[in-house]
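Thanks for coming. Please have the display open.

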Amino acid sequence: MYHTFSVLNLTLIDLPGLTKVPIGDQPADIEAQIKAMIFQFIKKETCLILAVTPANTDLANSDALKLAKEVDPQGKDILENKLLPLRRGYIGVVNRSQKDIEGRKDIVAALAAERKFFLSHPSYRHIADRLGTPYLQRTLNQQLTNHIRDTLPGLRDKLQKQMLTLEKDVEQYKHFRPDDPSIKTKAMLQMIQQLQSDFERTIEGSGSALVNTNELSGGAKINRIFHERLRFEIVKMSCDEKELRREISFAIRNIHGIRVGLFTPDMAFEAIVKKQIAQLKEPVLKCVDLVVQELSHVVRICTDKMSRYPRLRDETERIITTHIRQREQYCKEQLLLLIDFELAYMNTNHEDFIGFA
């Protein structure tokens, strides 16, 4: 369970962290990087979230409260905790301004000025005992104490379960024999299962802590081969229109022979179209080769964890690669068969055909 409360800074001062560089000129992913860094901590259910918001900004648009809201949706008239209610409420404080800091105003004087401000201000007088830095200190201390007390039992149970698991493993290794076939089998199965998990994650893209940020790989590269490389190869094979017209002219004249025909013979049409369809064979087979190449590369990477057992690694890689090659051959046969289907019959009654009646 998350615990969110906020500090509202009531001092209107110039913020020293402002930059002269427009946001648009900064790295595009800087916001995402900062957000990801913050989420590493506040996503943890044992985290106490202290959202600090300047009083000279619109509270509803506070970045700190937006982040807290994302991970603590159940937790969120401001200082009385009504407008955007937080589970732990809001605490207003008055920090030293930049002018106070430059004038060397000490902490004691600042705390006294803060207290005087809340007691004398008509909007805050009625809740002055729940505002200010000393109250924030006491609240944080109490919240931390309560938090530790609440989470300690769960933490103790988790550690005890981990200890029992480790003790079980230790007990198992007390009677460990290197030549025990059951131990060898268990170790081999664990490595094979890890290989399966790594391979699936690399292809399916289910996420990993070690994401390749330098180039496309695995499933992402295969996706690119299908949707970009194959399309590029097909577009590239498009012939020159002038050359195509010349071929059509020769085909028509050769089919007519010594006769002079009034209409374009179907045989000429089929001869030209079949030649164009047949050109698809090279790019689709090349696409299969590229996919197989990437799959083999993924297999080599995933078997790296077996490097302590070179014979097992080689045999595992051989079996998987052999299976990939077998499926490659079957895939190519099916693709060529599909192209042969298209070459066998020209469906001029299809609605996409230009001469469709």
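How do α6 and α10 lie relative to each other, oblique or roughly antiparallel? Before I answer, a word on what you are looking at. This is a predicted model. The protein has 357 residues, and 24% of them count as buried. Its secondary structure comes to 11 helices and 3 strands. Read along the sequence, the order is β-α-β-α-β-α-α-α-α-α-α-α-α-α.

Back to the question. Helix α6 covers residues 181–204 and helix α10 covers residues 281–302. The two pack at an angle of about 140°, and their axes are 10 Å apart. Angles over 145 degrees count as roughly antiparallel, and α6 and α10 are therefore oblique to each other. The crossing of α6 past α10 is right-handed. On the α6 side, the contact is made by Leu195, Asp198, Phe199, Thr202 and Ile203. On the α10 side, the residues are Leu295, Val298, Val299 and Cys302.

Stay with α10, and look at its other partner here, helix α11, which runs over residues 310–344. The axes of α10 and α11 come within 10 Å and cross at roughly 165°. These two helices are therefore roughly antiparallel to each other. Their crossing is right-handed. The list of contact residues from α10 includes Lys281, Val284, Leu285, Val288 and Val292.

Where is leucine 280 found? It is in the loop between α9, residues 266–278, and α10. Leucine 280 has a relative accessible area of 27%, so it is partly exposed. Leaving aside neighbours within four places in sequence, leucine 280 is in contact with Ile234, Met237 and Ile339. Leucine 280 and isoleucine 339 are 59 residues apart along the chain, and their C-alpha atoms are separated by 7.7 Å.

A second residue of this kind is arginine 224, in helix α7, residues 219–236. Its relative accessible area is 45%, so arginine 224 is partly exposed. Its C-alpha atom is 10.0 Å from that of valine 291, which is 67 residues away along the chain. Which residues does arginine 224 contact, leaving aside its neighbours within four places in sequence? They are Leu216 and Arg229.

Now to another helix pair, α1 and α2. Helix α1 spans residues 30–42 and helix α2 spans residues 63–71. Their axes come within 11 Å and cross at roughly 50°. The pair is therefore oblique, and α1 passes α2 in a right-handed crossing. In α1, the residues that meet α2 are Lys35, Ile38, Phe39 and Ile42. Their counterparts in α2 are Leu67, Glu70 and Val71.

Phenylalanine 39 has a further neighbour to point out. Lysine 43 lies over the face of its ring, at 5.3 Å from the ring centre.

Next, the aromatic residues. How many aromatic pairs does a search of the whole structure find? The search finds 3. One of them is phenylalanine 117 with tyrosine 124, a tilted pair at 5.9 Å centre to centre with 40° between the planes. Phenylalanine 118 also pairs with tyrosine 124. Their ring centres are 5.9 Å apart and their planes are at 80°, so this pair is edge-to-face. Phe117, Phe118 and Tyr124 form one aromatic cluster.

Phenylalanine 117, with a relative accessible area of 30%, is partly exposed.

Arginine 104 sits in the loop between α3, residues 98–102, and α4, residues 107–120. It has a positive phi of about 60°, although it is not a glycine. Is arginine 104 buried or exposed? With a relative accessible area of 76%, arginine 104 is exposed.

That is the end of the tour.

Technical notes. Residues are numbered from 1 along each chain as its sequence is written. This is a predicted model: local features need pLDDT of at least 70, side-chain atom pairs count only at pLDDT 80 or more; totals for chains, interfaces and linings use all residues. Side-chain values use heavy atoms; hydrogens and water are left out. Rings of Phe, Tyr and Trp (its six-membered ring) pair if their centres lie within 6.5 Å; planes under 30 degrees apart count as stacked, over 60 as edge-to-face and the rest as tilted. Buried means under 20% relative accessible area, exposed over 50%, partly exposed in between (1.4 Å probe, protein chains only). A charge sits over a ring if NZ of Lys or CZ of Arg is within 6 Å of the ring centre and within 35 degrees of the ring normal. Axes are lines fitted to C-alpha atoms, for helices over the stretch in contact, and angles run from 0 to 180 degrees between N-to-C directions. Helices (H or I, at least four residues) and strands (E, at least two) are DSSP runs, numbered from the N terminus. Angles under 35 degrees count as roughly parallel, over 145 as roughly antiparallel, 65 to 115 as roughly perpendicular and the rest as oblique. A crossing is left-handed if the near helix is turned anticlockwise from the far one by less than a right angle, and right-handed if clockwise. Contact means heavy atoms within 4.5 Å.
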